[in-house]
Amino acid sequence: MKEKRKKIEAAGYEVTDSAEWLGLDTAERTIVAMRISLAEELDRLRKEKKLSQSDLAKILGTRQPGVSRLISDPSATTLDALVRALLTLGATSRHIAAFL
């Protein structure tokens, strides 16, 4: 991997990560990481409870595509929505805090 990076840089390109490329500051990077962590935990908890995305959508009062977006594209949702979904599935505030 380091060798590939050196070749790219030698060709005049800059190697960066997506957050740097998007110009995210530290706070924005942290929020993105929090959203991803909560979305992953929501999906894990959903599977643990043997719920389909449609089942979870009914519980949350939404439709399956909304649940799919919540899980697969946390950047398109709010921290509030993720926390609310986790609480609805029975997660405690302490459990949720462990993922922040």
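Predicted model: local features only at pLDDT ≥ 70, side-chain atom pairs only at ≥ 80, totals over all residues.
Local features need pLDDT of at least 70 and side-chain atom pairs pLDDT 80 or more, while totals for chains, interfaces and linings use all residues. Residues are numbered from 1 along each chain as its sequence is written, and side-chain values use heavy atoms, without hydrogens and water.

Select residues 2-10, helix α1 (helices are DSSP runs of H or I, at least four residues, numbered from the N terminus). Among its 9 residues the count of buried ones is 0 (buried means under 20% relative accessible area, exposed over 50%, partly exposed in between, with a 1.4 Å probe and protein chains only). Gly12, which follows α1, has a positive phi near 100 degrees.

Next select residues 26-48, helix α3. Its 23 residues reach 33 Å from first to last C-alpha, close to the expected 33 Å (1.5 Å times one less than the number of residues). At its start, a side-chain oxygen of Asp25 comes to within 3.1 Å of the backbone nitrogen of Ala27. After the helix, Lys50 has a positive phi near 55 degrees.

Arg44 forms a salt bridge with Glu41, with the closest N and O atoms 2.7 Å apart (a side-chain nitrogen of Lys or Arg within 4 Å of a carboxyl oxygen of Asp or Glu). Glu41 is buried at 4%; Arg44 is partly exposed at 37%. Glu48 also meets Arg44, at 2.7 Å. Shared partners join Glu41, Arg44 and Glu48 into one network.

Finally, select Lys47 and Asp43, which form a salt bridge at 3.2 Å and lie 4 residues apart in α3.

Notes: Helix = DSSP H or I, 4+ residues; strand = E, 2+ residues; numbered from the N terminus. Polar contact = N/O pair within 3.5 Å; in protein donor to acceptor, adjacent residues only side chain to side chain.
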